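Colleague: Could you walk me through this one? I'd like to look at it together.

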Amino acid sequence: MVRKPASVHGFVVVDKPTGMTSHDVVARLRRRFNERRVGHSGTLDPDATGVLIVALGNATRLIQFLGGLPKSYTGEVVFGAATSTLDASGEVVATCDMSSLSLDAVRTAAARLTGEIMQVPPMVSALKVGGRRLHEIAREGGEVERAPRPVTIHRFVVGGEVERSNENPVVAIDVTCSSGTYVRTLAADLGDLLGGVAHLRNLRRRAIGDFVVGAEHDARSVDEAPLRSAVSMMSHLDGVNMAVVSVDDDTAAKIANGRALSSLGIIGGREGELRVVLNTRNELIAIYRRASTDWKPEVVMPAPLA
Amino acid sequence: MKIVGAALRNSVVDAIGDRRCVVTIGAYDGVHLGHRAVIAQVRARAGELGAASVVVTFDRHPASVVRPESAPKLLTDPAQKLELLESTGVDATLVVPFDAAASTEAPADFVRRVLVDALAVRGVIVGEDFHFGHKRGGNVALLREMSAQHDFEVVPLRLVARADGVDEPVSSTAIRRALAGGDVKRASAMLGRDHEVRGTVGKGDQRGRTIGFPTANVEVDPATCLPADGVYAARAVLPDGKRHDAAVNLGRRPTFHDRADHSLLEAHLLDFAGDLYGKQLRVSFVLFLRSERKFAGVDDLRAQLQHDVAHARAALQ
């Protein structure tokens, strides 16, 4: 049987509801667009809600570049109860009395968790150690040593009051962090710093980069979110490490052959910098990366992508 | 302030005479291909009924009154919108003032005042999801309810999207989203023309002149929707109607980095020598050329601008 060639290319920015896994979102969009190749940037836990960026067709080749964007989250830290998963979906594994917790103390601890910090990934996570996913090992009751990883907490805002939930103090948080940060771990570490334990609940990813829930042009429900062009998505990455350039037909022909280029649209460029390359019809044809002396293809699209 | 129906009718009486009217109603920002398709239906139905075709719109975007904090940036200024509506061949455009008082008008009152009293409405053609009046309380159902008493027909139009959901319906929101991503080609495809902004040429920092690339600093109303920052191939129209190809830079003022701040539009007109200061310029965006960048020195900047101009020239051929 001949497989249907990918015919739908582009991105969908979804506001994932609670109860759906990131994989469910992908499956639903696969049916909606009748497109086999679908991938997403950065798993959101089933209980969590918020922004998920999904790529379809040839745009799946570009999703890797969106994965590195900073992410913003809101959530609630419940103090006095530790759980097996670090969030509300797990079983309570330890409790302590933190009823006299003050907001000032939480803020001071949050400040210590701001900036570049080291974080030990949770046991219940999709990370692989020795070829096995950590959550598989955890399900069998096992626990393995995990190396701490550097992450950056750009912003860690603590809510205006300490609320109560079943006698446990609860504080709202608003965090902007680098890709790869576990907010659950941040909550658990906050509890630890305050001499007790804590877990996270009601996690909502408010934004990936510029893509925000609630704003006019942003995340919508899985069935309503419009397909966006690769060009307009990738141009949101314009910044210090990535620029968008369009090239003439001669250069586009060289790029189609995967040739390295001595210059590319904008003079200069530091090693490692990326260029999103458009043709004269402003369709995306390639991503190039600056090597020590020239520009080398990182991704060349099989066909120009509108 | 609410203008009574008779006075509203006076504003369009030259065009509609004593005819009844087939109307469509909306903000009509952009007058894009979706709008044009609706207007074509209004004209066709008006022709069949011997009625006048009329677009009912507002003197400002209703959202700028109802929710100013999140009002969309405009694809067309009021004058441009009227010109574009006129070019559709519609008999008249009725511009209804929309201020705080008008925004609280009950939907049924709006129908009586604007559609019945002013236009002796014979037919209303609107999208099936059309809402109007205080708190968006008016809809197709309400129009139907009132249609028997006032003897007019209501034709709701389905917003057509491809069944697979690939193409969302052409909408002002979709066009703004494309522009926000620098995708002016896609915006053009939905508008049926290139996105055009207008402004008066003010005093720039004159930096371009010293390196051989004089630019006109076009002061655009902050309510205008501009494409993403970057360098574009564009076309500029002078007040005398002369057209010039141009390379346009959209970027932030160096001292402000807040995203909410409005970008500065600098146009370098190709094959043009002269003073544009104080003149009204129209700029339409044809093609995205590159992201905006700061350059280490004047030599790099000059070389880059040479490249941009050659690129713009080729792209606009």
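**Burial, contacts and domains**

Modeller: Of the 317 residues in chain B, 38% count as buried, that is, with 20 or more other C-beta atoms within 10 Å of their own, the C-beta atoms being placed from the backbone. Keep in mind that this is a predicted model, where local features need pLDDT of at least 70, side-chain atom pairs count only at pLDDT 80 or more, and totals for chains, interfaces and linings use all residues. Residues are numbered from 1 along each chain as its sequence is written, with chains lettered from A and ligands numbered from 1 in the order in which they are written.

Colleague: Which element gives the largest share of the side of chain A that touches chain B?

Modeller: Happy to trace that. Two residues are in contact if their C-beta atoms, placed from the backbone, lie within 7 Å, and 28 residues of chain A contact 32 residues of chain B. Two or more residues on chain A's side come from each of helix H1 (22-33), helix H6 (230-234) and strand S15 (242-246), helices (H or I, at least four residues) and strands (E, at least two) being DSSP runs numbered from the N terminus. The largest share, 4 residues, belongs to S15(A).

Colleague: How many Å separate the centres of domain 2 and domain 3 of chain A?

Modeller: Chain A is assigned domain 1 (10-68 + 210-230), domain 2 (71-206) and domain 3 (238-305), with bounds from an automatic or database domain assignment. Taken over C-alpha atoms, the centres of domain 2 and domain 3 of chain A are separated by 40 Å.

Key: Buried ≥ 20, exposed ≤ 12 C-beta atoms within 10 Å, placed from the backbone.
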